[in-house]
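Work through the exercises below with the sequence and the model open side by side. Try each task before reading its solution.

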Amino acid sequence: MGSEKEKMLAGDRYDAGGPELVADRERARDLTRRYNRTTSDDRQTRRNLLGELLGSLGDECYVEPPFRCDYGYNIHVGENFYANFDCVVLDVCRVDIGQNCLVGPGVHTCSVHPPFT
């Protein structure tokens, strides 16, 4: 059967209220809250926080605060990535963002599992 997190990652029906997923979301909220409070001259702090939050992070990655996500660990970003203000990534499954990608202001990305049957 698996944990609720394992079900979510596999694309199966899951309970988002499971304790592991609740803790994972709280972790992501804490990291994004800290990230969003940084200033533009805190580049290394921002890089460290994104490195802790995201599943993988390429070189020359920059995200303008505020930034929001569900879990963070399902987001994988390539080199030379830039996200403008108010980026939201709902990452209940893997989200891959390639190299040399620019995201405009206010963009929301929602990961979607295959439809249930």
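## Exercise 1: The cavity

The largest cavity is lined by L50, L54, V63, F67, I75, V77, F81, C87, V89 and I97. The model is a predicted one.

**Task.** Find how many cavities of 30 Å³ or more the structure holds, and state which classes of residue make up the lining of the largest cavity.

**Solution.** 
- Step 1. The structure holds 1 cavity of 30 Å³ or more.
- Step 2. The volume of the largest cavity is about 50 Å³.
- Step 3. Sorting the lining of the largest cavity by class gives 10 nonpolar residues, with no polar and no charged ones.
- Step 4. Two strands, β4 (75–77) and β6 (87–90), each supply at least two residues of this lining.

## Exercise 2: The nonpolar cores

**Task.** State how many residues the largest nonpolar core has and which of them have the most contacts inside it.

**Solution.** 
- Step 1. The largest nonpolar core has 20 residues.
- Step 2. Those with the most contacts inside this core are L53, V63, F67, I75, V77 and F81.
- Step 3. A separate second core has 5 residues, including M8, L21, Y73 and V92.
- Step 4. As general background, nonpolar side chains in soluble globular proteins tend to be buried together.

## Exercise 3: One residue followed through the model

**Task.** Take V77 and state which residues it is in contact with, leaving aside its neighbours within four places in sequence. Then state which residue V77 stands opposite.

**Solution.** 
- Step 1. With the neighbours within four places in sequence left aside, V77 is in contact with L54, S56, L57, G58, C61 and I97.
- Step 2. V77 stands opposite I97 in β7.
- Step 3. V77 and I97 are both among the residues that line the largest cavity.

## Exercise 4: Strand pairing

**Task.** Give the order of the 3 strands in the open sheet, and say whether their pairing is parallel or antiparallel. Then explain why β1 and β7 each have one side left without a neighbour in the sheet.

**Solution.** 
- Step 1. The order of the open sheet is β1-β4-β7, and the pairing is parallel.
- Step 2. β1 (56–57) and β7 stand at the edges with a single partner strand each, so one side of each is left without a neighbour in the sheet.
- Step 3. The parallel pairing of β4 and β7 runs over 3 bridges.
- Step 4. Elsewhere, β3 and β6 run parallel and are joined by 3 bridges; in this pair C69 stands opposite V89 in β6.
- Step 5. β6 is also joined by 3 bridges to β9 (residues 108–110), again in parallel, and here L90 stands opposite C110 in β9.

## Exercise 5: Backbone details in the loops

**Task.** Find which two residues a cis peptide bond joins. Then state where N80 lies and where N100 lies, and whether N100 is buried or exposed.

**Solution.** 
- Step 1. As background, most residues other than glycine have a negative phi, and most peptide bonds are trans.
- Step 2. The cis peptide bond joins P65 and P66, with omega about 0 degrees. P66 lies in the loop between β2 and β3.
- Step 3. N80 has a positive phi, near 60 degrees, and lies in the loop between β4 and β5. Because its relative accessibility is 37%, N80 counts as partly exposed.
- Step 4. N100 also has a positive phi, about 55 degrees, and lies in the loop between β7 and β8 (102–103). Its relative accessible area is 54%, so N100 is exposed.

Methods
Residues are numbered from 1 along each chain as its sequence is written. This is a predicted model: local features need pLDDT of at least 70, side-chain atom pairs count only at pLDDT 80 or more; totals for chains, interfaces and linings use all residues. Side-chain values use heavy atoms; hydrogens and water are left out. On a 1 Å grid over the protein atoms alone, a cavity is a set of points where a 1.4 Å probe fits but cannot get out, and a pocket is an open set with protein on both sides within 12 Å along at least five of seven lines; lining residues have an atom within 4 Å of a point. Grid points are joined across faces, edges and corners, and a volume is the space filled by probe spheres set on the points. Helices (H or I, at least four residues) and strands (E, at least two) are DSSP runs, numbered from the N terminus. Ala, Val, Leu, Ile, Met, Phe, Trp, Tyr, Cys and Pro count as nonpolar, Asp, Glu, Lys and Arg as charged, and the others, Gly among them, as polar. A nonpolar core is a set of buried Ala, Val, Leu, Ile, Met, Phe, Trp, Tyr and Cys residues joined through side-chain atoms within 4.5 Å. Buried means under 20% relative accessible area, exposed over 50%, partly exposed in between (1.4 Å probe, protein chains only). Contact means heavy atoms within 4.5 Å. Two strands pair if DSSP finds at least two bridges between them.
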